[in-house]
Amino acid sequence: MKLDQTLTTLPDLFYAPATPTAVASPSWVMFNKDFAEACQLDKAWQSPEGLAILSGQRTLASPPPIALAYSGHQFGHWVPLLGDGRALLLGQHKDPQGEWWDIQLKGAGPTPFSRNGDGRSSIGPVVREYLASEAMATLGIPTTRALAAISTGESVQRTTAEPGGILVRMARSHIRIGTFEWVARQGHTEATQALLDYLIAHHHLPIDEDNQALAFYHWVIHQTAHLIAQWMSVGFIHGVMNTDNCSILADTIDYGPFGFLDAFIPDQVYSSIDQGGRYAYQQQPAIATWNLARLAECLLPLIHEDLDQARTQAQDALADFPKLFQSTFQKRMTDKVGLDPNQPRHVETAMAYLDVMAANDADMTLAFRRLGLVQGARDLNDEQLRVLFDDPQAVDQWLAQWRQCLDTLGEEDAHRKARMDSVNPAFILRNHLAQEAVDRAIDALDFSVMHKLNGLLSRPFDEQPEHQQWAGPPHPSQRVLTTFCGT
Ligand code: AMP
Ligand code: MG
């Protein structure tokens with residue numbers, strides 16, 4: 001069970017030593033064998049000794065665990081110091097492809113950044129993040145991963161006492177936009193440069209131009225636009241896109257009050273703390289742009305010594321964001337309706353489907369999946385789709401337009417359906433399903449729903465008739481209207 005730690009080559013101000021605090025009686029809730037094998041992690045991590053280290057009973061002699069420092073803009077407001085208050089990094093593992101993975105314990109006790117927090121986590125958010133990050137990974141969306149969920153045998157005080165948990169999270173990086181803000185806003189230009197150099201070298205980023213800072217900025221913009229388009233193509237709302245929750249590599253990170261859309265409602269918000277709807281579904285591209293502008297402010301002195309010139313260059317780079325986002329999003333949508341992203345009329349038709357869904361409260365996941373069943377030549381199977389729309393005639397009109405586009409392709413229905421099924425999940429982590437898993441875990445330390453959902457979502461594109469009850473939206477009594485932060 002050997003780990004490395006390269007982050008400690010960075011200047012001291014990026015991290016602080018932090019030691020996990022032992023818990024009463026740790027036990028495995030879940031261990032992600034498939035991912036551990038794919039990364040070729042030592043099998044010993046699954047043993048009792050592995051459990052002792054991942055729950056904080058024992059600490060590896062080397063490398064010493066650390067907590068990372070970062071700042072952030074939370075809901076638009078500057079917060080000079082945040083940092084890993086309920087998480088610490090054990091070390092890093094290199095997988096067979098040469099990719100580095102941080103191993104982080106979330107909820108392993110206080111760190112120098114905990115302020116008044118307990119550094120602990122309830123089992124509820126552990127279950128939610130485990131399920132969500134693995135569900136995103138199987139959908140092919142860049143994300144942090146869950147290696148394990150652990151029950152601590154202790155309780156944590158939230159609104160009431162809840163069982164405690166630890167999430168063992170693996171991420172290519174835990175560097176956030178907020179990490180750049182932490183050094184740059186204190187005027188530490190050398191440390192900002194060191195962080196940039198570290199990222200380029202450690203992750204082999206494809207940056208070889210003279211102006212590395214500007215090339216890096218372009219790269220982050222590109223990756224982020226792509227990520228947000230992928231989120232939105234499956235109805236994902238991150239919920240708390242503060243700059244400290246935006247990974248610099250554009251992996252989805254920090255699953256707190258996230259949610260997946262049932263009905264396609266563009267201004268949907270689930271987070272209980274997002275009163276103004278700042279982080280609503282359709283705000284996400286604009287918010288990503290706002291966050292990337294904060295990153296630019298950090299990089300300006302590295303882009304050009306004349307700050308006015310640097311600002312112009314960064315603004316030009318950021319001006320690409322809408323185009324990058326739109327092209328990925330439109331391509332995804334066009335693929336999802338089985339049309340050709342290279343034909344403008346097809347793209348227009350795909351985007352119009354979203355408007356019909358929005359106007360008719362149609363379930364997003366089912367509206368795409370069932371469209372695969374509809375026949376190109378005749379109105380066979382239309383009914384299964386029509387029932388999803390408040391006004392079924394609205395979708396009839398759209399289907400007529402869609403069929404005209406299909407005519408230009410001359411593709412067999414079965415072939416198109418297979419193509420569509422490979423991009424339209426049959427199952428997503430609907431909020432009421434996540435809630436059921438969380439409630440069972442908190443109420444009775446019963447992880448059976450979590451296990452079942454994790455199995456189901458490991459094959460989201462496969463029909464699984466035995467789990468049909470989990471394919472659709474909630475009954476009114478199951479509806480989850482708000483979700484809470486991940487403490
Ligand atoms: P997040 O909700 O993950 O965006 O966290 C925002 C900030 O609050 C981060 O600096 C966290 O480390 C910190 N934080 C959240 N929960 C706790 C906790 N239970 N104990 C200590 N710090 C916490
Ligand atoms: Mg966070």
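Are Tyr353 and Trp398 buried or exposed? Tyr353 is buried, and Trp398 is buried too. This is a predicted model, and a search of the whole structure finds 15 aromatic pairs in it.

**Aromatic pairs**

- Phe325 and Phe329 form a stacked pair, because their ring centres are 5.4 Å apart and their planes meet at 15 degrees, where planes under 30 degrees apart count as stacked.
- Both of these residues, Phe325 and Phe329, are buried.
- The two lie four residues apart in helix α9 (residues 321-336), so about one helical turn separates them.
- An α-helix has 3.6 residues a turn, so residues three or four places apart point the same way.
- Tyr353 and Trp398 are also stacked, because their ring centres lie 4.1 Å apart with the planes at 25 degrees.
- This pair ties together parts that are 45 residues apart in sequence, because Tyr353 belongs to helix α10 (residues 344-359) and Trp398 to helix α13 (residues 392-409).
- Trp231, Phe236, Tyr255, Phe258 and Phe260 are linked into a cluster by ring pairs.

**Charges over rings**

- The face of Tyr70 has Arg176 lying over it, at 4.4 Å from the ring centre.
- Trp290 has the charged end of Arg294 over its ring, 4.4 Å from the centre.

**Helix α14**

- Helix α14 spans residues 413-421, and its residues Arg416, Met420 and Asp421 are buried.
- These three residues are on the same side of α14, because they cover an arc of only 130 degrees around the axis.
- Ala414 and His415 are exposed, on the other side of α14.
- The packing partners of the buried α14 residues are α9, α11 (364-371) and α13.

**Magnesium site**

- The magnesium ion (ligand 2) is coordinated by OD1 of Asn245 and OD of Asp254, at 2.1 to 2.2 Å.
- Asn245 counts as buried because its relative accessibility is 10%, and buried means under 20%.
- Asp254 is likewise buried, with a relative accessible area of 13%.

Definitions and conventions:
Residues numbered from 1 in each chain as written. Chains lettered and ligands numbered in written order. Predicted model: local features only at pLDDT ≥ 70, side-chain atom pairs only at ≥ 80, totals over all residues. Heavy atoms only, no water. Phe/Tyr/Trp six-rings, centres within 6.5 Å; stacked < 30°, edge-to-face > 60°. Buried < 20%, exposed > 50% of the residue type's maximum accessible area, 1.4 Å probe, protein only. Lys NZ or Arg CZ within 6 Å of the ring centre and 35° of its normal. Arc of directions from axis to C-beta. Contact = heavy atoms within 4.5 Å. Donors = N, O, S within 2.8 Å, 3.2 Å for Na, K, Ca; no water.
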